[in-house]
Amino acid sequence: MKITCDITQDLLPLYADGVCSSDSREAVEAHLSYCTKCRDMLKLLKNESEETALARETDSVIMDQRKKQNRRAFTVGAVISGILLIPVLVCLIVNLAVAQALDWFFIVLASLALTASVTALPLFVYKHRFTVTVCAFTLTLMLLLMTVCIYVGGDWFFVAAAGSLFGLTAVCLPIVLADMPQIGALKRHKALICFAADTLLYGVLILFVGLYINADNRFWGIVLPLSAIYIPVAWVIFLLLRYCRLNGLIKGGILTVGLSAASFFSNFLINRLIVKFGFESRPEYESIQPFYPLTWNEATVNQNIQWLILISGLAVGMVLLIVGITRMLKRK
Ligand SMILES: [Zn+2]
């Protein structure tokens, strides 16, 4: 019986799996004996089914391996938790026996909770391991600081907590945000969220440090003007790099010019503040000092270097700007 290519190709999957009737098989084989197109189809079909079978097998091996690894991690985590519980029990008994109450026991408890958050906990978590670990570490660290602070009757908890949170946020928040499900503003504005959180925590830290040391005008007189200038500078740099659509050379040029000028004038600003609040009585610091390119001695070396940084920064920045702008114009 002669059959067409269409019928053959309908039958090919059944033929390849060896499940078609003997009549169909004979018809297909007769067709394949003279039709190269259908023979190629059969070859392709066989390769594909081999590939999918192989892929399925690989997947199941990986899954098995992962399950095995998870089980092993779970066991190790359970052992570590058990080991950490021993000192907890010992300290509970000793503290009760010695003081007839629990006081320093809570410090031991909080420290071991902190240890567990980075040793045992990650072994129990399979999804978002970094985020869960960082959150648990931060929480138990706060708990430990608070326990110790209460035990020694200190009033430094908020300074210590704000400092730790600021540091942890600056380092870990970018990784945590990248690890979260990317929905809404997270998808495009992770850096913005990090920068806003860092700025906020910087403000909180400065506030608590000021309150803790009962800061006078000298503290606020230095901290507030400098923060009022440098926080916006940091924001301008960030916004320029992240959201500005200019080419890299122009961005680099703007930053080089801006930052070399900022470094020159910030030195002047800091000197003024230092003189104004009486940390040093050197009135010559209060004004911008002249450039003596030909006189290099102890009195001029500082200001000469600052002038050189300013001049070379401006020169390099201008070159970058000019090259960048010409390239941009050419492209248009
Ligand atoms: Zn054919």
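This is a predicted model: local features need pLDDT of at least 70, side-chain atom pairs count only at pLDDT 80 or more; totals for chains, interfaces and linings use all residues.
1. Helix H1, residues 5–17, packs on helix H3, residues 36–99, at an angle of about 30 degrees, and their axes are 10 Å apart. Angles under 35 degrees count as roughly parallel, and H1 and H3 are therefore roughly parallel to each other. The crossing in which H1 passes H3 is right-handed.

2. The H1 side of this contact consists of Cys5, Thr8, Gln9, Leu12, Pro13 and Ala16, which meet Lys37, Cys38, Met41, Leu42, Leu45, Lys46 and Ser49 in H3. Sorted by class, the contact of H1 with H3 has eight nonpolar, three polar and two charged residues.

3. H3 also packs against H4. The axes of H3 and H4 come within 9 Å and cross at roughly 175 degrees. Because angles over 145 degrees count as roughly antiparallel, H3 is roughly antiparallel to H4. From H3, the residues Ser81, Leu84, Pro87, Val88, Cys91, Leu92 and Asn95 take part, and they meet Phe105, Val108, Leu109, Leu112, Thr115 and Ala116 in H4. This contact of H3 with H4 divides into 10 nonpolar, three polar and no charged residues.

4. The length of helix H4 can be checked against its residue count. H4 covers residues 105–118, so its 14 residues should span 20 Å at 1.5 Å a residue. Its end C-alpha atoms are 21 Å apart, which agrees.

5. Which residues of H4 are buried? They are Ala110, Leu112, Ala113, Leu114, Ala116 and Ser117. The cover over the buried residues of H4 includes H3, helix H5 (121–124) and helix H6 (129–152).

6. Ser117, in helix H4, can be taken on its own. It counts as buried because 21 C-beta neighbours lie inside 10 Å, and the cut-off for burial is 20 or more. Leaving aside residues up to four places away in sequence, Ser117 touches Thr133, Ala136, Phe137 and Thr140. The C-alpha atoms of Ser117 and Pro283, which are 166 residues apart along the chain, are separated by 54 Å.

7. Two residues other than glycine have a positive phi and deserve a look in the model. As background, most residues other than glycine have a negative phi. Gln100 has a positive phi of about 55 degrees and lies in the loop between H3 and H4. It has 7 other C-beta atoms within 10 Å, so Gln100 is exposed. For His128, phi is near 50 degrees, and His128 lies in the loop between H5 and H6. With 14 C-beta neighbours inside 10 Å, His128 counts as partly exposed.

8. His128 is also a partner of Asp179, a residue of helix H7 (residues 157–179). What does Asp179 touch, not counting residues up to four places away in sequence? Asp179 touches His128, Phe130 and Thr131. Asp179 and His128 are 51 residues apart along the chain, and their C-alpha atoms are separated by 6.5 Å. Asp179 is partly exposed, because 16 other C-beta atoms lie within 10 Å.

9. H7 packs with helix H8 (residues 186–212) at an angle of about 175 degrees, and the two axes are 8 Å apart. H7 and H8 are therefore roughly antiparallel to each other. The contact of H7 with H8 divides by class into 21 nonpolar, two polar and two charged residues.

10. Helix H10, residues 248–276, has 29 residues. From its first C-alpha to its last, H10 reaches 40 Å, close to the 42 Å expected at 1.5 Å a residue. Buried in H10 are Gly253, Ile254, Thr256 and Ser260. Helix H9 (217–243) and helix H11 (301–331) are among what covers these buried residues. Just after H10, Gly278 takes a positive phi of about 70 degrees.

How values were computed:
Residues are numbered from 1 along each chain as its sequence is written. Axes are lines fitted to C-alpha atoms, for helices over the stretch in contact, and angles run from 0 to 180 degrees between N-to-C directions. Helices (H or I, at least four residues) and strands (E, at least two) are DSSP runs, numbered from the N terminus. Angles under 35 degrees count as roughly parallel, over 145 as roughly antiparallel, 65 to 115 as roughly perpendicular and the rest as oblique. A crossing is left-handed if the near helix is turned anticlockwise from the far one by less than a right angle, and right-handed if clockwise. Two residues are in contact if their C-beta atoms, placed from the backbone, lie within 7 Å. Ala, Val, Leu, Ile, Met, Phe, Trp, Tyr, Cys and Pro count as nonpolar, Asp, Glu, Lys and Arg as charged, and the others, Gly among them, as polar. The expected span of a helix is 1.5 Å times one less than its number of residues. A residue is buried if 20 or more other C-beta atoms lie within 10 Å of its own, exposed if 12 or fewer, and partly exposed in between; C-beta atoms are placed from the backbone.
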